[in-house]
Amino acid sequence: MRNPQRMAKLQGEVRKHTQEGQETVEEENLSDMAYLRAVVKETLRLHPPTPLLLPHLSMADCVVDGYFVPSGTRVIINAESWESPDEFMSERVLDGGSAAVIDFKGNDFTFLPFSARRRICPGLNFALATVEIMLTNLVYCFDWQLPDGMEAKDVDTTEVFGLTVHPKEKLMLYPKQRGATAAGGHSVQADAADSVMHN
Ligand code: HEM
């Protein structure tokens with residue numbers, strides 16, 4: 001909602017790769033949606049649900065970059081080094097983008113939303129599949145509008161920190177059902193607008 005052009009691009013891709021007349025997006029529609037994957041990847045970079053992963057202890061004495069780390073030290077990995085880190089730039093992870101080759105499934109220590117190696121999140125693939133199908137259906141079935149008087153820049157994405165983070169403020173949006181038309185003075189659009197989405 002803070003990036004209307006990127007929202008339009010994502011919605012365009014989802015609607016292009018889902019057959020006209022299909023009620024919902026199905027898993028088989030997702031394979032050609034490169035921009036969807038970029039949006040999810042960049043979202044996990046900017047808002048990782050578990051930013052510090054889970055606490056781990058080193059199992060043996062070791063030396064890292066010249067620093068001695070004794071066995072049993074609590075280790076927190078925070079190795080991000082991104083250009084304009086606070087900006088949502090989904091293009092950076094698309095083919096040809098500055099971060100296109102950075103893996104987020106545990107092979108690149110600059111980007112670890114699911115952690116890595118033996119304690120990597122076992123729900124990784126399930127989580128991605130769920131997020132993709134949920135997000136595509138939200139943008140396929142509805143056009144989303146901000147409440148009257150609210151502008152894109154007013155959407156507050158401040159996070160409350162914890163073992164898992166969550167948004168400080170609720171996101172309130174009006175869903176306008178795709179293709180909704182007024183019929184007999186009772187429009188789907190009005191119905192949808194009556195039900196404000198709270199996040
Ligand atoms: C976007 C969604 C998710 C993210 C970002 C995420 C991320 C993580 C992270 C960072 C860890 C900690 C790894 C560590 O020890 O450093 C973790 C652990 C774990 N996750 Fe997820 N997770 C997600 C969804 C899921 C789902 C959907 C499931 C199950 C269906 C799941 C199951 C688990 C389990 C069981 C562990 C503990 C693994 C262990 O024994 O060390 N996660 N996850």
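How far does a polar side-chain atom of Arg-119 lie from an oxygen atom of the ligand? The distance is 2.9 Å. The model is predicted, with local features needing pLDDT of at least 70 and side-chain atom pairs counted only at pLDDT 80 or more, while totals for chains, interfaces and linings use all residues. Residues are numbered from 1 along each chain as its sequence is written, and side-chain values use heavy atoms, with hydrogens and water left out.

**View 1. The iron atom of the ligand and its protein donor, Cys-121.** The SG atom of Cys-121 lies 2.3 Å from the iron and is its only protein donor. Donors are N, O and S atoms within 2.8 Å of the metal (3.2 Å for Na, K and Ca); water is not among the atoms, so sites may look incomplete. Cys-121 sits in the loop that runs between strand E4 (74-75) and helix H3 (124-141). Helices (H or I, at least four residues) and strands (E, at least two) are DSSP runs, numbered from the N terminus.

**View 2. Residues around the ligand.** The shell has 14 residues, of which Thr-50, His-56, Ser-115, Arg-119 and Cys-121 come nearest. A residue is near a molecule or strand if one of its heavy atoms lies within 4 Å of it. By class, the shell holds nine nonpolar, four polar and one charged residue. Nonpolar covers Ala, Val, Leu, Ile, Met, Phe, Trp, Tyr, Cys and Pro; charged covers Asp, Glu, Lys and Arg; the others, Gly among them, are polar.

**View 3. Side chains of His-56 and Ser-115 at ligand oxygen atoms.** A side-chain N or O atom of His-56 is 2.8 Å from an oxygen atom of the ligand. For Ser-115, the corresponding distance to a ligand oxygen atom is 2.9 Å.

**View 4. Packing of helices H2 (residues 34-46) and H3.** The angle is about 115° and the axes are 11 Å apart. Axes are lines fitted to C-alpha atoms, for helices over the stretch in contact, and angles run from 0 to 180 degrees between N-to-C directions.

**View 5. Leu-135 in helix H3.** Leaving aside neighbours within four places in sequence, Leu-135 is in contact (heavy atoms within 4.5 Å) with Leu-10, Leu-36, Val-39 and Val-40. The C-alpha atoms of Leu-135 and Val-40 are separated by 9.0 Å.

How values were computed. A polar contact is a pair of N or O atoms within 3.5 Å; within protein, one must be able to donate a hydrogen and the other to accept it, and residues adjacent in sequence count only if both atoms are side-chain atoms.
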